[in-house]
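Today I am opening a new page in my notebook. Come along while I look up a few things.

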Amino acid sequence: MTPDARTRMAAALAATLSLTALPAAALEPLSQERYINDRLIAARIADRIRRECPSIDGRIVYAYMQARALKKYARDKGYSEAQIDAFLDSRADKDRIYAVAEDYMAKNGVKPGDAESFCRLGRDEIARNTVTGSLLSAK
């Protein structure tokens, strides 16, 4: 191989490596990825509603399908399985998501121990066809 061919090959390899590294370097932490976090918060709200409101069920199979789709979305954006698993296993991220969900519910009139307040929010979310509402069904 001539020195000129080696130089061109090295330059092509360097360009290829730099292009493949760009998406990973440009990824924000999963804890800041809005689409993913918004859906996890909505899922937490739906879970709390279905547990506290006797007249609303969770659409468990649909929720499972949405969780799988959300994981695929993260992979398609360039996050690795290890990054996704670390985020989903993170106690700090769970606590943050739960806190945002609790704050949303409180701002929307939900009171701990008041099943009807959970039901009212659940019916509203279903009627407005929100992400949370799509995970719920009235009995």
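I took helices from DSSP runs (H or I, at least four residues), numbered from the N terminus. The model is predicted, so I note that local features need pLDDT of at least 70 and side-chain atom pairs pLDDT 80 or more, while totals for chains, interfaces and linings use all residues. Residues are numbered from 1 along each chain as its sequence is written, and side-chain values use heavy atoms, without hydrogens or water.

**Entry one: the largest pocket.** I looked up which helix gives the most to its lining, and found α3, with 10 residues. The lining has 32 residues, and R39, L40, A43, A67 and L70 lie nearest the centre. A pocket here is an open set of points on a 1 Å grid over the protein atoms alone, where a 1.4 Å probe fits, with protein on both sides within 12 Å along at least five of seven lines; lining residues have an atom within 4 Å of a point.

I found 18 residues, 60-77, in α3. Its first and last C-alpha atoms are 26 Å apart, close to the 26 Å expected at 1.5 Å a residue (1.5 Å times one less than the number of residues). Just after α3, I noted a positive phi of about 115° at G78.

Is A42 buried or exposed? I put A42 down as buried, because its relative accessibility is 6% (buried is under 20%, exposed over 50%, partly exposed in between, with a 1.4 Å probe and protein chains only). A42 sits in helix α2, residues 34-52. I also found A42 among the residues lining the second largest pocket, where α2 gives the most, with five residues.

Note on methods:
Helix = DSSP H or I, 4+ residues; strand = E, 2+ residues; numbered from the N terminus.
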